[in-house]
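Please consult the sequence and the model while reading.

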Protein chains: 4
Amino acid sequence: MAVTPTPEALDRLRIEVPSWAFGNSGTRFRVFGTPGTPRDPFEKLADAAEVHRHTGLAPTVALHYPWDRVDDWGALRRHAEDLGVQLGTVNSNTFQDDDFKFGSLAHPDPRVRRKAVDHHLECIEVMHATGSRDLKVWLADGTNYPGQDSIRERQDRLAESLSEIYAHIDAEHRMVLEYKFFEPAFYHTDIPDWGTSYVHCVALGERAKVVLDTGHHAPGTNIEFIVAQLLRLGKLGAFDFNSRFYADDDLIVGAADPFQLFRIVVELIAGGGYGDPDVQLVLDQCHNIEAKVPGQIRSVLNVQEAVAKALSLDDEALAVARRDCDVLLANEIMMDAFATDVRPLLAEHRAAKGLPEDPMRAFLASGYLERVADERVGGTQAGWGA
Amino acid sequence: MAVTPTPEALDRLRIEVPSWAFGNSGTRFRVFGTPGTPRDPFEKLADAAEVHRHTGLAPTVALHYPWDRVDDWGALRRHAEDLGVQLGTVNSNTFQDDDFKFGSLAHPDPRVRRKAVDHHLECIEVMHATGSRDLKVWLADGTNYPGQDSIRERQDRLAESLSEIYAHIDAEHRMVLEYKFFEPAFYHTDIPDWGTSYVHCVALGERAKVVLDTGHHAPGTNIEFIVAQLLRLGKLGAFDFNSRFYADDDLIVGAADPFQLFRIVVELIAGGGYGDPDVQLVLDQCHNIEAKVPGQIRSVLNVQEAVAKALSLDDEALAVARRDCDVLLANEIMMDAFATDVRPLLAEHRAAKGLPEDPMRAFLASGYLERVADERVGGTQAGWGA
Amino acid sequence: MAVTPTPEALDRLRIEVPSWAFGNSGTRFRVFGTPGTPRDPFEKLADAAEVHRHTGLAPTVALHYPWDRVDDWGALRRHAEDLGVQLGTVNSNTFQDDDFKFGSLAHPDPRVRRKAVDHHLECIEVMHATGSRDLKVWLADGTNYPGQDSIRERQDRLAESLSEIYAHIDAEHRMVLEYKFFEPAFYHTDIPDWGTSYVHCVALGERAKVVLDTGHHAPGTNIEFIVAQLLRLGKLGAFDFNSRFYADDDLIVGAADPFQLFRIVVELIAGGGYGDPDVQLVLDQCHNIEAKVPGQIRSVLNVQEAVAKALSLDDEALAVARRDCDVLLANEIMMDAFATDVRPLLAEHRAAKGLPEDPMRAFLASGYLERVADERVGGTQAGWGA
Amino acid sequence: MAVTPTPEALDRLRIEVPSWAFGNSGTRFRVFGTPGTPRDPFEKLADAAEVHRHTGLAPTVALHYPWDRVDDWGALRRHAEDLGVQLGTVNSNTFQDDDFKFGSLAHPDPRVRRKAVDHHLECIEVMHATGSRDLKVWLADGTNYPGQDSIRERQDRLAESLSEIYAHIDAEHRMVLEYKFFEPAFYHTDIPDWGTSYVHCVALGERAKVVLDTGHHAPGTNIEFIVAQLLRLGKLGAFDFNSRFYADDDLIVGAADPFQLFRIVVELIAGGGYGDPDVQLVLDQCHNIEAKVPGQIRSVLNVQEAVAKALSLDDEALAVARRDCDVLLANEIMMDAFATDVRPLLAEHRAAKGLPEDPMRAFLASGYLERVADERVGGTQAGWGA
C-alpha cells in the first residue's frame, strides 16, 4: 500500500556532518587511531566533503570550538567552499578545561561561570567569521554524588548564564540547546531531558531551540513522541543523529533500531519539520572501530533510506484507518512503508542527479582512503582532545 | 553532623491517602482478596481513618470517581468528618468504559471525547458536594502500535479537551495533571513525561499543576531533579507516592529505594514545597499481597521518616562544602542526615501529641482488622473494578 | 547482496499458537471484551485453526491448564484434528489460586508446594490425553518486598519441586522452564533470567530445556546473544514470541523492533535451531485492543518475514568480511538481508502451496469474524480468569 | 528489633583496594588530574596503605598488568609489606593494544588470540613473583554492530582461549572471570551476564569462579539474587564493588543506593560468603572528580556500615515472619536492620582496635595529601593509560 516518494520530496533532505567525526574518538578504555586520520580542520573538511561528493546530501559541516580553532577562519571558509561544502553550526566546548571539572555555565563559582560564558561569546565571534547560523550548546554540567551541589541553584545559575550568551547572538543567529540523560555526570545532569531544555529555551526567546540527540534518553523513551511534541511547540531546532543499544553509544545512525529511525522521520515529516531549514539534521557519532568517512556515508545513506520509507507512507489510507480505530490496519500501513525496499528507487534518484548509484562502493573504489593514509604522515591526529 | 528537626517542622507533614488503596487491587494475572476488605466508600473511609488515628499524618482521603460514587455525598462527607478525616482530591476515571478502549480525552472520535469531558464535568459536580479542591486527571490514553493513531493530533485533541474541563473548574479548584511513562498503553502514552504535563498546564493556566507519581518514569530517571525543576517553575501540584523496582510496581513508598525517597524530600524542602498546601502529598499504591491498612500505615511512616531525615540535613555546612566544591564532604553531609536513625525522635514526637509511639504495633493490637473481617461479610469487596 | 531463500528452507517454519490468545486479556486496569470471543476450548481451537488455514504455518495449539480443562480430552483432540491442527504444549497455571498468593513451587509452606507439584502432575495426565510433548512451566513465584522471604531457600525449594515433577514426565516428554525478569512479583522473581532457568534445567536432566520469552528481559538485553548461547549449550527448548517497548507488553511479535526479531532469527538459524522440532516457536501475546485472530495471523506472518529475511543472509560473504574484521561490510551484509522486501517472494511461495497470497486480506474477507460474532452469543467469554 | 553485631563478626571483613583507583581516571570526555597523583606502582601502594592504616579493613592491593609492571617484583612486594599491606589479585589487560581493537580472547584472528593468551600467561608469571592467588579476567571483547562477527563462534573461541589459560594456573591459583552488560562494546559483549561467566567457569573447572561487578548489569537487575544464586552454586569468586545510577558509573560504593548495598551484603552473609576468603571483596571505582584516597576510604567505610547493618538483622524473628508469610513484618525486620545507625558502634569498635574512630577525619588531618602533592612533582601521573 506504500506510495512512491517524488524526487522533489527526496531532494529536500540535507544532513550536516560534524568535523569531529573524522578525528579519532572512542571510549574511556581506549581510543584507537587509524592511518589517514586528519590532523587539522582543513583535513577534516576534506574528509567531510567526500561524504557530500558521493551522496549529495551533506552540504554543511559542523565545527567544534576550540577543537577546530584556526588562525585564519576566512581561509577555512574558502577551503570548505573549494571543496563544495559550507561551514555550519559552531559547537562550544566547556568540558575539557580543568576549570570546568565541576561544571561550566552552572558552576558554583562565578569566576568559572564567567569563563564559560566568555567561551561562548568567543564562539559567537567565530560564527561571524564562519558565517554560521547556529551556536550549539551541549553541557557536561552536572554532579556525580547526591548532595554535591544544589540542583535548584544550578538551574538558576544556568538560566542566568544562558541568558547572557543569548543576549549576544545576532538576529539571524540561533542558540540550540542540547539535553542529555547522563554522562559524563553520573548523578544528575543539569539539562537531562527535553522538558528542561524547553523551559530554558522558552525563557530565552524565539531564537532558542531544543536539540534532540537520539542517544540522550532514558531506556525505552519514545523519541518520536518528543519530536512530535517539540514540533507542535515550535521548539525543535536540531537533531543529533546516532544510534544506541544501551546508553549514548554514538553508533552509526539506524544501526541499532532502523524502525525507530523510520518512526522518528515519520513524525518529522508529519509535523512539518522535514525540509525545514529551522530543523537541522546533524550527525553526531563516534567511529571507534569502523572507518570514519565510510561510517559517515553509511549514516547519511541510512537517514536517506528512512526518509524514503517515511515518504512512502500512504497518509490517506492511514487517516481512514485511524479514524476507524482499525488498529491492525493502521499499523499495517505503517509497516508497509517500512518494509518497502527503497534502495532501487534511491539508486535511480542518484543516477538522475549524476551521483554514484552506490555511494559506498564508489567512495571505496575512489582510492581516497589509501591516498590520505599515504599523505597524512607525521603530525598529531585530531581527536576529542584536539 | 546532622541537626535535630523541630516539632514544628515535623508537624507540617500532611499525607492524603486514597480510598482505592483499601479495596482489592493487583496485577493482570490475579487480584487476591482478603477478609475485611471494604465493600463501599463508607467502609473505605473507615479504614482510611484508622491510618490517621494512629499516625496523625493522614487527615484527608482521595476519592475515585465513579468507583466511589454514592447517592448521598453529604452523608459521605459527614461520615468522613465523624471519623476525623476530610474528603480530598477527586480522581477521574476514563479507562474502564468500553468506549474508552482507544482513549478518552485524546480519542479520535469526537463523541468519545465528549463523553470523557462530560465525565470530568461530573467529577467537578462531585467536588462541589465533597468540598474537594483538586480534580486529578490521570489518563490511560495512548496507543499500543506504531501508526495506530497520530501522536500529534492526539496532543491537539487532548489540549482541547483539557481546556474545556479547565474552563469549568471553580476559582478555588485546581486541575492536577498526571504523567506516566507507559502502561496501560505500550507504544506511546499521551502524557508520558513531566514536560508534556507541564506544557499542557502552562497552556491551561495558573490553577493547572503537574502531578508527579514516583513510579511513572523511565528506568534511571532522576526524580528529585524533576521535583526541583517543577518547584522552580511553580508547577508542582501533587505527588503520588509509591515505590518501584521495575515499572509502575505501586509498592509501599520507600520500600524499594529509601535513599531516593529521602533525596526527593530533600528537594521538596529545599524548593519550598514541604508544608505548602499547594504541593499535595498523596499515596498511590497497590497492596496486592500485603495487608492494606497496615500497608498504608507503613507508607505514611516511611514518608515521615524520610521527612525527619531530610529535616536533619545541616544546610549551613552543606552550603559551605558546595561553595568549596568539596564533593566528598558535601556528599558526606547528605549521607549523615540519611544515616541518622530518626525513629526514637519520631516516637517521642508522637507521644508528645498523644499518638501511639509505634503506630503499627498499636494498630495491629487494636483488633480493628479482626473486627472488620468479622463484620464485613457478604456483599462485593471493593476493587479497581468498582 | 542478499540471497534468495529456497522453498524448502521456508517450509521448515512451524509456529505454535496459544489457545489463550483467542480469549480476552488485557492489563490490570481493564480487560476489554469483543463480540465473537470464544467461550470454551473448542471455540478457541476453531479460531486457532483459522490462523493455520490461512498461513499454513501454525499447525499446533498450546493449551493452558486449568483454563482449557474439558471433560473429554479425546473429544478436544478429535475436534482439533477435524479442524486441521494438533494439540501442543500444556502450560501449567499456579498463579491464580488463593493458595498461591505467596508462591507455588517455591512457597515457604510444604502444603502449598505439594499442591503446586500436584497441579503439574495433573498437567502430565492431561499430556497423556492430548498427546502433548511439552510441559511448559512459567511461575509467578517471587516476592514484592525485600526480606519477605529467603531468596536462597526459595531456590532450594524450587529445585526440589521441579525435581519431583521432572521425575514424572515420560521419556518422550520434555519440561520447558521459562524465566521472567519481573511481574507479577516486583522485588525478586524466582527464575528471573536465563542463567537461573539453565542451572535448574541442567540439574534436572536432558529433557529439561529453557524457554525464552522475548518480552521477559531487562531493558537493553541482547536477546540474540542468549539464543546463541542456549543453542550452543543445547538447552534452548522453546520461544515465547511477542514484542515489547517497555516491559512484558505482550504485543504482536515484530511490532516493536522488527530488526531485533530478525537478529534473533539469524542466530536461531546460525545455531541450528531453525526447523529443529526441539526448538519450539510459540506465540504468547495479549491482544487487548486489537482483533485477536488477525493479531495472531499478523504475528505469524511477521515471524515468517523475519525468517525469509534471515534466510536471505549471504553467509559466505559475511564469513569473509568477518574474517577481515571489515566492520562496515559485515554490518552492511546483515542490513542487506534485513532491507530486502521478502513479501513478493512469500506471496508466491504461498500461492504455490495453495494458500492465499495475502492471508490477512483473505481471512478478513472470509466472513469468519462476523459469523462467530453472530453465533457466539451468551455464555461467558474466555479470558485469563478462565 | 535489630541485634548487635559481635566484634568477631565485624572483624571478618577484608576489602581489597585496586592500585588503579589511585591513578587518574575519568570519562571519554575528559580525565582530570590532581596534584599528588602517584606516578608508579610504588606510590600507588603508598596511597593504598593509607586506606588500610586508617580503617584496618584493606590489607591487600589488586594489581593491573601491564599498568603496574615493574622491573623488580620482589621489591614491590617488600615495599607493600613495609607499608603493612600485601599484593593481591592480578588483573589482566587486553583492551588497550591496537591488536585488540576487535577483541582479544575471542578475536577472529588466531594470531591475536595467541597474543591475548600469552598476555595472561605473563600475568601468571607475575602472580608467582607477587604471591597472588587470583588472576582476574575482565574482557572488553564484543562487537559494536549487528553482523560484525559471529556471536556463537566468538563463544567457542573464548572457551578455547580461557581453557588454555586455565591450564596454566597453579593448584593454589584461581581464575576469576568477570561479566559486563556493555561498554566498551555497544552491540554485544562476549561475557554479558552471570550466566555466561558461570557456564565458562563450570567448563573450566573448580578453580574458575565468577566475578560480580555491581555496576555491570542491566537496569533494574536484582543483584542480590545473583549473589544468592552464585553462592548456592559455589561459583561466586569475587565482587567488584562500586555504585551506579545509570550504567557502569564506577562511583563510590554505596553512594547511589545504600539499601541495595545492604541487601547484597545480607545475601552474602546468608549464603555463607561473608568472611570466606574464597569470596573476595574488591573495590573498583573511578574517582574522576573526587579525591582518590578519601574516595577509597569512604567506600571501605560504606561497605563496613552495610556489613554492620546486615549483621544487625534479627534472623530468628525473620525466619518466623517468613514462615508465617507475614510480608509486612518480614520487611519491617529487614528495614529495622537497615535503619539502625551503626556508626557509633563502629567508632567504638575501631577505638578498641587502636584505629581512629573517624578514619576520614583522621586521614584528612594527617597531612598525607598535602605531603604527596608537594613531593610528587614531575614525572607522569599514573592513569588508565599506564
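## Extent of the interface between chains D and B

In this predicted model, chain D and chain B each contribute 33 residues to their contact. The size of an interface is often expressed as the accessible area lost when the parts come together. Between chain D and chain B, about 2,300 Å² is buried, with carbon and sulfur atoms giving 56% of that area. Leu328(D), Glu332(D) and Arg343(D) account for 22% of what chain D buries against chain B, more than any other three residues.

## Polar interactions and composition

Six salt bridges are found across the interface of chain D and chain B. One of the salt bridges pairs Arg343(D) with Asp336(B), whose closest N and O atoms lie 2.5 Å apart.

On the side of chain D that touches chain B, at least two residues come from each of helices H8 (258–270), H9 (292–311), H11 (327–339) and H13 (359–365). H11(D) supplies the largest share, eight residues. By class, the residues on this side of chain D are 19 nonpolar, five polar and nine charged.

## Helix H5 of chain A

Helix H5 of chain A covers residues 151–166, 16 residues in total. From first to last C-alpha, H5(A) reaches 22 Å, close to the 22 Å expected at 1.5 Å a residue.

Buried residues in H5(A) include Ile151(A), Arg154(A), Leu158(A), Leu162(A) and Ile165(A). Residues three or four places apart on an α-helix point the same way, because there are 3.6 residues a turn. Arg157(A), Ser161(A) and Tyr166(A) are also among the buried residues of H5(A).

How values were computed
Residues numbered from 1 in each chain as written. Chains lettered and ligands numbered in written order. Predicted model: local features only at pLDDT ≥ 70, side-chain atom pairs only at ≥ 80, totals over all residues. Heavy atoms only, no water. Contact = heavy atoms within 4.5 Å. Buried area = accessible area lost by both parts, 1.4 Å probe. Salt bridge = Lys/Arg side-chain N within 4 Å of Asp/Glu carboxyl O. Helix = DSSP H or I, 4+ residues; strand = E, 2+ residues; numbered from the N terminus. Nonpolar A, V, L, I, M, F, W, Y, C, P; charged D, E, K, R; others polar. Expected span 1.5 Å × (residues − 1). Buried < 20%, exposed > 50% of the residue type's maximum accessible area, 1.4 Å probe, protein only.
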